[in-house]
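Subject: Structure handover

Hi,

Here is the structure I promised to pass on to you. Have a look at it first, and then read my notes below.

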Amino acid sequence: MSNSGGHRSFVEMVSRFFEGVALRCHDNRLLVLGFCLAVIVIAAVFAAGVRFDNSFEAYFDREDPLYQAFLQFREDFGSDEIAYILYAAPKHEHGPFDVSVMERIAGLTSVLEREVPFVDRALSPANAELIEGAPGELIIHKIEDLLPLTQDELLDFREKFFSKPLLVNALVSRDGNYGAIILEMVLASIDPPEMLKVDPDKGYSLNNLYPQATFNKIEEILARPQYDDLVFYHTADVALNANYNVIAQSESAKLGIIAFLIIGAALVLFFFRPMGVIGPLAVVFLAILMVTGFVGLMGWNFDLMFTILPALMVAVGVADAVHFYSEFKVFHLQTGERRAALARAMYLVGLPCLFTSITTMAGFASMSISPIKAISHFAVYSAVGVACAFLLTMTLLVVFLSFGKSEPSKRDIKQGIKKARGGKVFLSAAAWIASINVRRPWLLVGLWAILFVFGLAGMTRLKVDSNFLNEFSEELPIRIVTEHTDNVMGGAGSFSYIFDAHEPGGIIEPQLLAYIDRFAGEVEKQDSVVVKVNSVTDLLKDINRSFHDEDDDWYALPDSRALAAQYILLYEMSGGDEIATFITPDQTRANMEVRCKLMETSYFKKAIEQLDVWLAQNPPPGMDISITGMGALWVQLLDYIVQSQIRGFALAFVVITIMMCIVFQSVRTGIISMIPNLAPIVVVLGAMGWAGISLDYVKLLIACVAIGIAVDDCVHTVTRFRHEFDIYGNYQKALHATLRDVGRALFITTAVLVMGFSVTVFSVMDSLVHFGLLVAGAISIALLADFFLLPALFVLTKPFGPERKQQS
């Protein structure tokens, strides 16, 4: 009894505090409006400087060892970001090797290198290095230097192309029907924003920044009329990142607007009053603006995760407003006086709304421990958004509702209250739900137990995987172009192995070169993933063959360090510059580029693990080997996803359980209340496992977001259930009263949440579509658990103590 009395005194104290907040906001409306306006102006100032960022820096902390290795790789070998332009000439018999086509490609290569911002160099069949040996010298031919050529002369060069492994499936397809232009960048998306501006005086607008400005200029050049008979396929890092940035920016606004419209229509349907629509949506809109300002204040950037925020905030932020407005509407009908109705409504819902906001914040904030930077940032600013929505509900919404005429007290109050609670149909449904929980609690618990088993079994089949290309809808041009390019040339994905001899000139020791060449052969055996392997050994073998009359028997490595050094010197003196792609100037480190099919990261991971086994069994002689590049970073991202999912959800569950125990001042009540909150996570993740849907860096949020949201309705249910039990002393009557008073609000908030997350079906980003629908499914299951599992558990366990028979 003392515990119950302590709980009541605590609830009374906090409830009275919120009642006072409502009264003070009502009585000081202009002051509240002025303060909110000032905060909004400050937020807008900070929001103005935020930009979109889809680089790997959005996902990795700069202190991450693998990311540090990537930065070292960039320092040694330059940016690995490229624009890749596949082209075909279907109207010409010899395709890319038609004389008129080659002449225009030579001109196009020069124009791209000269006019496109941030391009280091442009490579194409027109300026590819064709090495030829001569007594005492090395001659490097480039077709562009020999133009004009006859068609027969150009076809002779075509044969030379196909004898050069470095060029085949890089600048010309194996069947000769396609050519390619590669634009190597001087910058990467991870570079500081001030370095990414084309015009320093035009600020940070997307079109003035790399890669967008680079992509736009390439597209403008390719659209020029002199290339009308050529078909271009523009893809790779620059195109993918530029398209991603534009889509992410537009999707954020588009999904937010659609969510506002749909949820606004739903609120009209549920409440029939302008303020029941304007108030909640105004709260959400201002909360989003405040979060955007917070992102700017922290010096962060927008990324894919921020695209989710508007729809998320519309869905989550409306919940507290719906509960508050629902209670206000009933009490306004009863009292006919707005000030008293606001105070009474805040007295009842202030504490539950506070606790639901804290638990939702805890669910979101639990992901802040994620090593994926974009996820950890999202965790923080989404939690801030929930806090802003709560504070605005408790203050600004009160001010909104304080305006207007009071309801006449002589009207038909009984019918008005019934309508506010959902009308006859909903009240009948609430009564039936209460009845079945009281009459068949074991049946309901048994059915849920079966669902739990189904979900847990499916979770054992759940796999972690991702593919950046799958972010884009199959109908988007960038995905179609990229898939076509990958099928023709192969190798839109890549990673690199770095060999470090730790001494100048050490990397060209014959023993080390032989090891690199041998390892390249092992890498090529991973043909389910690997398309092409390029290294310094390919160039040295090509030079060696050129000095021996193109005799294929001499396509072998030089047999001494001195000869290798002589070859490299002659090559560089002859104007060759490809060597810089493969070894550092001091010949200490070498880069092996591994081009791969653009596919699920799990395939990369499997190939790398098999190569790790080979390296362990065949340790390198006197050098260290490390892996880096985009593909390696994506593999690391898989491990991050697993860590984030397990640690984030475990932290969220533990923190929320402790909070439930504290707020209900009962460990038993808190633990029992958490069981229904597990249902949506277990069932949805299990369904993903059975359906073969992979867990990627977007979907890993599902568990933490779902439990943070699902617990909200649970808190409102348990809080009101306990309040009614204190009145009636009977679980059946308390349950009937609970569902009658808060059941409709639970249904409305769930409907709003489901509609809010379901707007992602309008997205062209497949990852967002799947995320929204899965979270919507989890929220729907959470409502069913609150209606058909939580009450049954309470009826069976009687956590509030024995019934008072004298009141039955």
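**What I found**

S124 is buried, with a relative accessible area of 0% (buried means under 20% relative accessible area, exposed over 50% and partly exposed in between, with a 1.4 Å probe and protein chains only). This residue sits in the loop between β2 (119-123) and β3 (130-134); helices (H or I, at least four residues) and strands (E, at least two) are DSSP runs, numbered from the N terminus. Not counting residues up to four places away in sequence, S124 touches I105, T109, L171, A180 and I181, where contact means heavy atoms within 4.5 Å.

Before you go further, please note that this is a predicted model, in which local features need pLDDT of at least 70 and side-chain atom pairs count only at pLDDT 80 or more, while totals for chains, interfaces and linings use all residues. Residues are numbered from 1 along each chain as its sequence is written, and side-chain values use heavy atoms, with hydrogens and water left out.

**The whole chain**

The chain has 26 helices and 10 strands. Its C-alpha trace spans about 110 × 55 × 45 Å along the principal axes. Of its 808 residues, 60% count as buried. Among contacts with a separation of 6 or more, 80% come from residues 24 or more positions apart.

**Helices α11 and α12**

Helix α11 (residues 338-365) and helix α12 (residues 373-402) have axes that come within 9 Å and cross at roughly 175°. Axes here are lines fitted to C-alpha atoms, for helices over the stretch in contact, and angles run from 0 to 180 degrees between N-to-C directions. That makes α11 roughly antiparallel to α12 (angles under 35 degrees count as roughly parallel, over 145 as roughly antiparallel, 65 to 115 as roughly perpendicular and the rest as oblique). The contact of α11 with α12 has 15 nonpolar, 5 polar and 1 charged residues. For these classes, Ala, Val, Leu, Ile, Met, Phe, Trp, Tyr, Cys and Pro count as nonpolar, Asp, Glu, Lys and Arg as charged, and the others, Gly among them, as polar. On the α11 side, the residues include L342, M346, C353 and F364, and on the α12 side they include V386, F390 and M394.

The loop between α11 and α12 holds I369, which counts as partly exposed at 32% relative accessibility. Which residues does I369 contact, leaving aside its neighbours within four places in sequence? They are R647, G648 and L651. I369 and R647 are 278 residues apart in sequence and 7.8 Å apart in space, C-alpha to C-alpha.

**Helix α16**

Helix α16 (residues 477-488) has 12 residues and reaches 16 Å from its first C-alpha to its last, close to the 16 Å expected at 1.5 Å a residue; the expected span is 1.5 Å times one less than the number of residues. I478, R479, V481, T482, T485 and D486 are its buried residues. Seen down the axis of α16, they fall within an arc of 165°, so they line one face of the helix (the arc is that of the directions from the helix axis to the C-beta atoms). The face turned away from that buried side carries the exposed residues P477 and N487. After α16 comes G490, whose phi is positive, near 75°.

**Helices α25 and α26**

Helix α25 (residues 766-788) is mostly covered, with 18 of its 23 residues buried. Its axis and that of helix α26 (residues 790-797) are 3 Å apart, and the two helices pack at an angle of about 30°. α25 and α26 are therefore roughly parallel to each other. A785, D786, F787 and F788 of α25 make the contact with L790, P791 and A792 of α26.

**Backbone spots to check**

- The L147 to P148 peptide bond is cis, with omega near 5°.
- The Y210 to P211 peptide bond is cis, with omega near 5°.
- F118 has a positive phi, near 75°, in a residue other than glycine, and F118 is buried, with a relative accessible area of 15%.
- D549 has a positive phi, near 55°, in a residue other than glycine, whereas its relative accessible area is 75%, which makes D549 exposed.
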